[in-house]
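Good morning, and thank you for coming. I shall speak briefly about one structure, which I will now put on the screen.

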4 protein chains.
Amino acid sequence: MSGSGKLPAIASDAVLKQSVPVPEDFEKVQGMDFSQDYAYNSRATDLIASMRTMGFQASSVASACEIINEMNSWRGKHKGELPEHEQTGEFDDEDRQKATVFMGFTSNLISSGLRDTLRYLVQHKKVSAIVASAGGIEEDLIKCLAPTYLGDFALPGKTLRDQGLNRIGNLLVPNDNYCKFEEWIVPVLDKMLEEQETEMAKLGKEGLNADSAAIWTPSKLIDRLGKEINDESSVLYWAHKNKIPIFCPAITDGSIGDMLFFHTFKASPQQLRLDIVADIRKINSMSMEASRAGQEFDGSDAGARPDEAVSWGKIKAEAKSVKVYADVTVVWPLIVAATFAAQRP
Amino acid sequence: MSGSGKLPAIASDAVLKQSVPVPEDFEKVQGMDFSQDYAYNSRATDLIASMRTMGFQASSVASACEIINEMNSWRGKHKGELPEHEQTGEFDDEDRQKATVFMGFTSNLISSGLRDTLRYLVQHKKVSAIVASAGGIEEDLIKCLAPTYLGDFALPGKTLRDQGLNRIGNLLVPNDNYCKFEEWIVPVLDKMLEEQETEMAKLGKEGLNADSAAIWTPSKLIDRLGKEINDESSVLYWAHKNKIPIFCPAITDGSIGDMLFFHTFKASPQQLRLDIVADIRKINSMSMEASRAGQEFDGSDAGARPDEAVSWGKIKAEAKSVKVYADVTVVWPLIVAATFAAQRP
Amino acid sequence: MSGSGKLPAIASDAVLKQSVPVPEDFEKVQGMDFSQDYAYNSRATDLIASMRTMGFQASSVASACEIINEMNSWRGKHKGELPEHEQTGEFDDEDRQKATVFMGFTSNLISSGLRDTLRYLVQHKKVSAIVASAGGIEEDLIKCLAPTYLGDFALPGKTLRDQGLNRIGNLLVPNDNYCKFEEWIVPVLDKMLEEQETEMAKLGKEGLNADSAAIWTPSKLIDRLGKEINDESSVLYWAHKNKIPIFCPAITDGSIGDMLFFHTFKASPQQLRLDIVADIRKINSMSMEASRAGQEFDGSDAGARPDEAVSWGKIKAEAKSVKVYADVTVVWPLIVAATFAAQRP
Amino acid sequence: MSGSGKLPAIASDAVLKQSVPVPEDFEKVQGMDFSQDYAYNSRATDLIASMRTMGFQASSVASACEIINEMNSWRGKHKGELPEHEQTGEFDDEDRQKATVFMGFTSNLISSGLRDTLRYLVQHKKVSAIVASAGGIEEDLIKCLAPTYLGDFALPGKTLRDQGLNRIGNLLVPNDNYCKFEEWIVPVLDKMLEEQETEMAKLGKEGLNADSAAIWTPSKLIDRLGKEINDESSVLYWAHKNKIPIFCPAITDGSIGDMLFFHTFKASPQQLRLDIVADIRKINSMSMEASRAGQEFDGSDAGARPDEAVSWGKIKAEAKSVKVYADVTVVWPLIVAATFAAQRP
């Protein structure tokens with residue numbers, strides 16, 4: 001740099017490129033005005049309404065709410081107007097087509113207090129089908145047998161191990177809960193095996209055929225567990241009650257897997273079987289028979305952005321979708337309060 | 001694996017370690033019950049109350065609200081009870097000691113709709129001092145001259161460049177806004193230089209001494225900008241009005257830096273100076289004179305967890321602190337609604 | 001702040017707490033000295049050696065290499081010294097016990113160039129068993145039929161959809177590859193169904209018993225696919241050759257799931273079945289029969305830190321483990337080059 | 001789902017869209033073949049070469065190396081061919097124009113073993129200018145006075161606080177190091193103040209003018225610290241030796257800030273001043289006078305992707321840039337080994 005007062009000639013190139021005129025429909029960024037009466041201790045719908053024009057993830061959360069509200073309010077034709085082979089998918093109480101809604105949840109959502117929110121959605125038939133991880137299934141059942149506790153993210157693993165406590169994020173589950181779960185589930189597995197063998201005795205070599213009553217699948221197992229647990233705090237219980245299937249192909253990937261493993265030794269030479277082909281047929285059929293392509297929402301992050309899913313045709317190019325980057329426990333209660341649960345019950 | 005029905009002997013070791021009895025004060029994980037009347041379209045304080053026992057980041061957000069509420073309600077001694085040299089820090093309207101509150105914000109918070117929330121906090125004197133990034137300062141001023149617009153995270157850089165639009169996440173700022181800013185700020189810098197030189201003429205070789213009126217600092221510049229902008233939508237305006245200092249040592253790290261750069265050529269051989277030593281003295285003094293160690297909250301992530309800050313003594317070992325992992329636009333409006341703005345205005 | 005020159009009395013409290021004497025075995029942070037001859041264009045083992053004392057994730061990568069090297073070099077008793085019921089797990093060429101090594105991989109590892117590295121490990125029997133995601137299985141096969149291409153993270157979903165290209169991160173897979181895959185797999189599924197039915201005809205109502213030859217499982221399906229693909233670039237091929245089982249309970253969670261779905265219509269009223277109970281028995285047995293608890297490494301992030309896994313007993317409290325936070329494509333080739341592939345072949 | 005064997009008619013729509021023919025220049029994804037002789041214990045350039053076609057972040061790392069190599073090998077005109085006012089920027093030993101290289105680093109890079117790598121680059125004049133955070137400056141100096149140690153990410157803050165140890169990720173710095181730093185720096189600040197006052201006595205009311213010898217700036221302070229530390233392990237030392245300016249507008253944002261704060265009480269009524277306007281003039285001038293737009297690389301993540309920076313014109317639309325998502329300690333040694341340090345010294 002020279003000490004002179006002359007601006008280097010090159011700087012004249014550095015002037016800013018003039019902007020094009022801003023289109024009239026461009027929306028201005030604006031936030032909540034907490035000086036206003038409606039804003040103090042705001043209601044969910046007011047928070048969401050103001051988040052729409054806030055930008056960043058706030059806008060994404062507001063978009064998610066819009067998509068959910070559209071999905072919930074969509075109605076198609078009356079059943080009577082449809083030829084018989086198109087009378088598939090979901091209908092409302094007045095026999096009008098509505099969207100088939102898929103919901104996904106992972107173990108940690110059930111471990112957290114979001115279980116109550118998910119249970120609410122299933123109890124009130126806000127969803128048509130569920131895809132869950134193995135942990136999500138077993139934690140829902142275990143919570144009926146004994147509670148999960150608040151802990152801390154930083155509790156050291158070795159100390160907890162010595163105390164027989166398992167940590168999930170900042171939550172704690174005592175080992176005894178798993179012992180109670182084992183005691184509870186073994187008789188159910190015994191009964192299931194018995195039913196399997198009874199049906200096989202009837203069907204013989206046709207035991208594997210389509211719609212064979214001898215064949216258990218993960219979704220059929222989960223439905224049975226929901227029936228047996230018979231507890232109104234349970235997601236599985238309400239799914240059973242309301243005939244909402246819960247799919248979980250990797251059901252063996254957790255505590256239930258260990259129970260099934262131990263059960264093979266108890267049952268030998270007989271063996272309980274869980275077939276995953278029948279379940280893929282069932283879920284794909286639901287998806288294809290939906291009168292409106294089921295819009296899915298879940299609480300996990302498979303890492304890809306919606307745009308990648310569009311390239312795969314997993315999300316239709318014209319479908320509305322949004323990915324919210326946030327811990328689900330932080331945004332989900334707010335979203336539910338402003339959508340599914342926005343009206344006085 | 002053998003086909004035999006015998007469980008390998010080794011499996012007997014795999015039994016679960018028995019849990020210690022769970023202490024009585026352990027709190028159960030529980031969520032919001034949307035079947036209840038209070039829960040529909042929930043208010044911020046109800047959402048936060050239920051998040052306390054939800055686990056994961058929901059619990060962290062609830063803890064953050066508790067800490068803020070404690071900080072806001074804390075009161076110490078009456079001014080009259082204190083020896084003169086201890087009559088420092090913040091006092092409420094009845095002359096009782098209250099906490100000195102530091103708030104930090106970065107550029108993107110101001111670019112988003114959170115600016116309105118931050119402005120509310122400064123307007124209503126909820127904070128004692130602010131630490132901001134350069135972008136935070138200039139975006140607040142620019143928004144008084146022309147709006148920022150909602151865009152999309154995926155708009156391609158080159159196209160926007162050709163249109164003279166700048167992207168910040170999913171927000172858009174036209175280049176013209178920066179031209180307007182330049183037009184606005186140059187006369188202010190001229191006046192500042194004039195004042196600097198007038199004072200230097202008086203002080204001569206003592207011009208650099210402590211409390212010299214010739215010396216501009218970033219916080220003094222920002223206070224002047226707040227005065228000059230004279231716009232009630234501005235955080236800087238209210239900070240000036242309410243004598244809340246805004247510190248920004250790296251004020252040259254953005255658009256204002258470019259303006260100062262161009263100004264050196266215009267002003268030569270004179271040159272405006274910005275001293276950062278006086279500002280570090282001012283902020284450290286505020287921190288030391290606080291009657292209650294200022295609890296800080298900010299919207300950026302310096303990457304370290306509070307526990308690392310405790311090792312440094314940056315957070316007192318006994319101080320309450322919590323780090324919330326979430327996009328600030330998603331949680332901050334909810335937190336403010338449930339704390340600072342929980343009461344009808 | 002007063003303008004006086006006096007340091008507030010309170011500042012005397014702010015002095016730093018004196019450190020305890022640093023224990024002699026504390027190791028100093030130190031990096032690579034690129035001025036040295038050994039360092040230019042460094043070899044993997046030299047890079048890793050220097051990373052050990054660099055701190056942050058560099059130290060974690062170096063720890064990962066140490067754990068792998070220990071795992072690989074560990075040898076237990078000679079088979080002849082063991083009672084018959086303890087002659088389980090893995091043995092080296094000289095009949096000495098060695099560690100049972102579990103490796104996990106997800107779809108994107110196979111889509112990327114890491115497939116060649118994984119194939120190398122399986123081809124040279126560096127692992128004992130594999131746990132994979134559905135995508136990992138099918139991408140390995142599809143790559144034998146047609147290549148995957150380099151693309152860009154930012155290619156827009158809708159354009160790609162119109163071109164029949166699928167994006168995985170910055171990789172591209174043409175739809176035609178999936179068509180080729182369908183053509184290839186349908187005859188295999190036909191054969192499998194035929195074999196299932198042949199065995200059922202023999203076994204009748206005992207068709208579901210333990211070790212029934214009528215029962216296909218995901219690992220048995222994958223082994224057959226490895227045999228049929230008969231291609232030396234394939235991970236599945238070498239797993240079949242070297243009798244290394246690949247487990248994938250959620251095998252239906254992808255393209256193979258669609259193929260199985262369509263196949264149910266073709267096969268009706270017969271139906272291919274895939275049982276997941278036999279597979280959980282097989283993998284748990286391998287784990288329990290290991291002479292040295294199998295140390296697992298995988299390329300995905302289930303989100304939890306090792307310390308959480310210790311609380312669950314999933315990692316033994318005394319076991320060595322480390323979690324490396326980095327895109328696996330960035331660190332895995334370096335790790336393999338410095339461990340499994342450190343010696344001239 | 002019906003049990004019938006008929007595929008729902010709707011499924012015929014679900015066929016895959018045919019792909020467009022893949023352009024000939026599409027590159028196939030391919031990894032390292034560890035069966036080959038060149039691959040065992042691979043050299044950095046071989047690893048990088050194979051990473052180019054691996055996809056994901058591996059490809060990004062390889063791109064980063066290509067950009068660095070291009071930047072290093074670029075040569076423009078001979079000085080003799082240029083009119084005088086264009087004889088700015090950097091020239092090689094044969095007076096040919098070369099790129100002006102800006103490097104950024106944050107505190108944690110210096111705390112880690114990457115300091116040795118950064119020192120190597122500065123010592124061998126591989127960079128033209130540096131932008132650093134306050135911590136980066138002081139940790140470089142402190143490491144000359146006492147070592148930083150390897151610790152663990154999970155060491156609890158309170159225990160460390162009681163032992164007088166500060167944690168930075170998995171590194172430990174004893175408090176005594178900071179005491180040593182204070183002892184070392186105070187006499188330097190005294191000397192600087194003395195020089196400031198001597199010059200002010202000469203210049204009087206013109207003391208703030210452009211190029212005033214009375215004015216200290218952060219970069220001038222840092223240069224002096226590099227001279228005074230006089231230690232070949234130091235980045236600052238080599239920057240001073242090689243006249244490579246180090247910019248750090250927020251120099252008061254750390255331990256040096258505390259030292260300057262305490263110094264104001266010692267010095268009163270005189271006061272050391274640090275002006276940031278002169279530094280913004282200096283760095284902007286370097287950038288504008290560069291014969292080839294300085295390509296910047298740094299080790300921190302300001303959160304934005306290059307495409308956002310392109311919209312701002314911070315990266316020229318036609319400039320090559322890549323953002324690598326990885327802990328810098330994991331990739332930087334590999335990148336340096338394959339680029340700056342690829343040739344035997």
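Predicted model: local features only at pLDDT ≥ 70, side-chain atom pairs only at ≥ 80, totals over all residues.

Let me begin with a sheet in chain D. Three strands form an open sheet there in the order 5-7-6, and their pairing is antiparallel. Strand 5, residues 149-150, and strand 6, residues 165-168, are the edge strands of chain D, each pairing on one side only. In chain D, strand 5 and strand 7, the latter covering residues 171-174, are joined in the antiparallel sense over two bridges. If you wish to locate this pairing on the screen, take D:Y149, whose bridge partner in strand 7 of chain D is D:L172.

How much area do chain C and chain D bury between them? The value is about 7,800 Å², and 64% of it lies on carbon and sulfur atoms. Within the area that chain C buries against chain D, C:F34, C:N41 and C:F56 supply 11%, more than any other three residues. In terms of residues, 91 from chain C and 92 from chain D take part in the contact.

The polar side of this interface also deserves attention. Between chain C and chain D there are 36 residue pairs in polar contact, counting pairs with both residues at pLDDT 80 or more. On the side of chain C that touches chain D, helix 13 of chain C, residues 328-338, provides the largest share, namely seven residues. That side of chain C is made up of 43 nonpolar, 32 polar and 16 charged residues. Four salt bridges are found across the interface of chain C and chain D. A salt bridge also links the side chains of D:R344 and C:D37, with an N to O distance of 3.0 Å.

C:Y38 belongs to the segment before helix 1 of chain C, which spans 44-51. Is C:Y38 buried, partly exposed or exposed? C:Y38 counts as partly exposed because its relative accessibility is 39%. Leaving aside residues up to four places away in sequence, C:Y38 touches C:M32, C:D33 and C:D46.

Finally, a word on chain A. Chain A contains 13 helices and nine strands. Of the 345 residues in chain A, 54% are buried. Taking contacts in chain A between residues at least 6 apart in sequence, 67% join residues at least 24 apart.

How values were computed: Residues numbered from 1 in each chain as written. Chains lettered and ligands numbered in written order. Heavy atoms only, no water. Helix = DSSP H or I, 4+ residues; strand = E, 2+ residues; numbered from the N terminus. Buried < 20%, exposed > 50% of the residue type's maximum accessible area, 1.4 Å probe, protein only. Contact = heavy atoms within 4.5 Å. Buried area = accessible area lost by both parts, 1.4 Å probe. Polar contact = N/O pair within 3.5 Å; in protein donor to acceptor, adjacent residues only side chain to side chain. Nonpolar A, V, L, I, M, F, W, Y, C, P; charged D, E, K, R; others polar. Pairing = 2+ DSSP bridges.
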